[in-house]
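Visitor: Could you walk me through a few local features of this protein? I'd like to start with the backbone.

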Amino acid sequence: MTEALPVRYLGAARLAVPAVGLGCMALAGMYGTPAESGSLRVLDRALELGCTFLDTSDAYGPFTNEELIGRALAGRRDQVVLATKFGNVRRPDGSFLQVNGDPKYVPEACDASLRRLGVDYIDLYYLHRVDPRVPIEETVGAMADLVAAGKVGHLGLSEAAPDTIRRAHGVHPITALQTEYSLWSREPEAEILPLVRELGIGFVAYAPVGRGFLAGRFHDPVELLPGDVRRNHPRFAGENLRSNAAVAARVRAIAEARGVTPAQLALAWLLTQGDEIVPIPGTASAEHLEQNIAAAFVTLTPEELASVGDAFPPGAAAGDRYADMSLVNR
């Protein structure tokens with residue numbers, strides 16, 4: 001692949017990023033236990049191909065993903081747009097502890113991420129989940145102090161509700177909202193996407209191929225490794241999984257007819273939903289990385305787009321996105 005990845009711009013600040021970024025959670029062992037050498041090769045290959053928008057979090061590992069990214073970026077910090085997140089606090093074994101949006105915690109979390117990443121600034125710093133105990137104005141106010149201090153370039157929110165987004169944006173411009181969006185998670189189309197367009201906020205779509213499901217994988221629970229966090233997701237369980245597999249077969253059929261992979265079809269569809277949308281598919285495979293990036297060059301006809309949308313209409317997926325949906329859209 002020699003053609004440069006198209007550029008998209010997040011928010012009114014027009015933060016320039018490649019049209020397809022890399023979600024780094026899969027490199028943290030949360031979908032299994034990838035070897036560090038393999039993870040570093042994936043990151044090297046991403047930079048070689050111009051996939052220079054890297055998304056991580058202090059919760060991935062926890063902490064080990066940021067450390068890995070730091071090792072990968074040694075001597076080439078200026079080549080990437082680096083995004084990380086805070087507030088989704090986990091125990092050392094990775095189990096969830098709490099959401100923390102306390103203004104006093106914000107600078108502590110940022111300084112710890114800077115140390116692990118081995119950098120002196122973060123391009124895009126997200127609140128990973130909204131803390132219902134703390135007014136969003138207070139959390140974002142503390143995040144804005146990081147911008148003033150030169151530690152953070154731009155602010156973001158993840159899985160925030162419309163009213164929360166609007167209130168946060170009134171305190172300091174929000175450059176990007178990160179929320180799950182894919183063919184089998186089309187909920188943002190109702191309220192979130194219209195709102196971010198109104199406010200001039202970019203939209204970063206995580207899990208854009210349904211955590212690998214839309215790529216044609218994991219149609220039987222036995223395919224998931226014991227340590228795979230997808231085992232906790234209702235959509236990957238029992239009857240839900242069987243129902244979803246039947247619907248996904250339609251996407252595979254369209255992809256085969258088009259001569260692309262199902263993941264490429266899902267990403268190409270997503271990229272047509274708006275220029276403010278930037279998907280960040282995650283993978284621990286250099287081969288899958290290359291396929292995902294190639295989706296930026298797939299052009300779908302109006303008929304193909306309609307067929308894909310009809311195959312996976314809003315609400316088609318069986319099961320909630322998370323076992324505990326109280327942590328999202330608040």
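Visitor: Where does Arg14 lie?

Guide: This is a predicted model, and in it Arg14 lies in the loop that runs between strand S1 (7–10) and strand S2 (15–18). Arg14 has a positive phi of about 55 degrees, although it is not a glycine. Most residues other than glycine have a negative phi.

Visitor: OK, and the peptide bond from Gly61 to Pro62, is that cis or trans?

Guide: The bond from Gly61 to Pro62 is cis, with omega near 0 degrees, and Pro62 is found in the loop between strand S4 (53–55) and helix H2 (64–73). Most peptide bonds are trans.

Visitor: Switching to helices: at roughly what angle do the axes of H7 and H10 cross?

Guide: The axes of helix H7 (residues 238–258) and helix H10 (residues 302–311) cross at roughly 160 degrees and come within 9 Å. Angles over 145 degrees count as roughly antiparallel, so that is how H7 and H10 run relative to each other. Their crossing is left-handed.

Visitor: Which residues meet there?

Guide: From H7, Val247, Arg250, Val251, Ile254 and Arg258 meet Glu304, Ser307, Val308, Asp310 and Ala311 of H10. The residues of this contact divide into five nonpolar, one polar and four charged.

Technical notes:
Residues are numbered from 1 along each chain as its sequence is written. This is a predicted model: local features need pLDDT of at least 70, side-chain atom pairs count only at pLDDT 80 or more; totals for chains, interfaces and linings use all residues. Side-chain values use heavy atoms; hydrogens and water are left out. Axes are lines fitted to C-alpha atoms, for helices over the stretch in contact, and angles run from 0 to 180 degrees between N-to-C directions. Helices (H or I, at least four residues) and strands (E, at least two) are DSSP runs, numbered from the N terminus. Angles under 35 degrees count as roughly parallel, over 145 as roughly antiparallel, 65 to 115 as roughly perpendicular and the rest as oblique. A crossing is left-handed if the near helix is turned anticlockwise from the far one by less than a right angle, and right-handed if clockwise. Contact means heavy atoms within 4.5 Å. Ala, Val, Leu, Ile, Met, Phe, Trp, Tyr, Cys and Pro count as nonpolar, Asp, Glu, Lys and Arg as charged, and the others, Gly among them, as polar.
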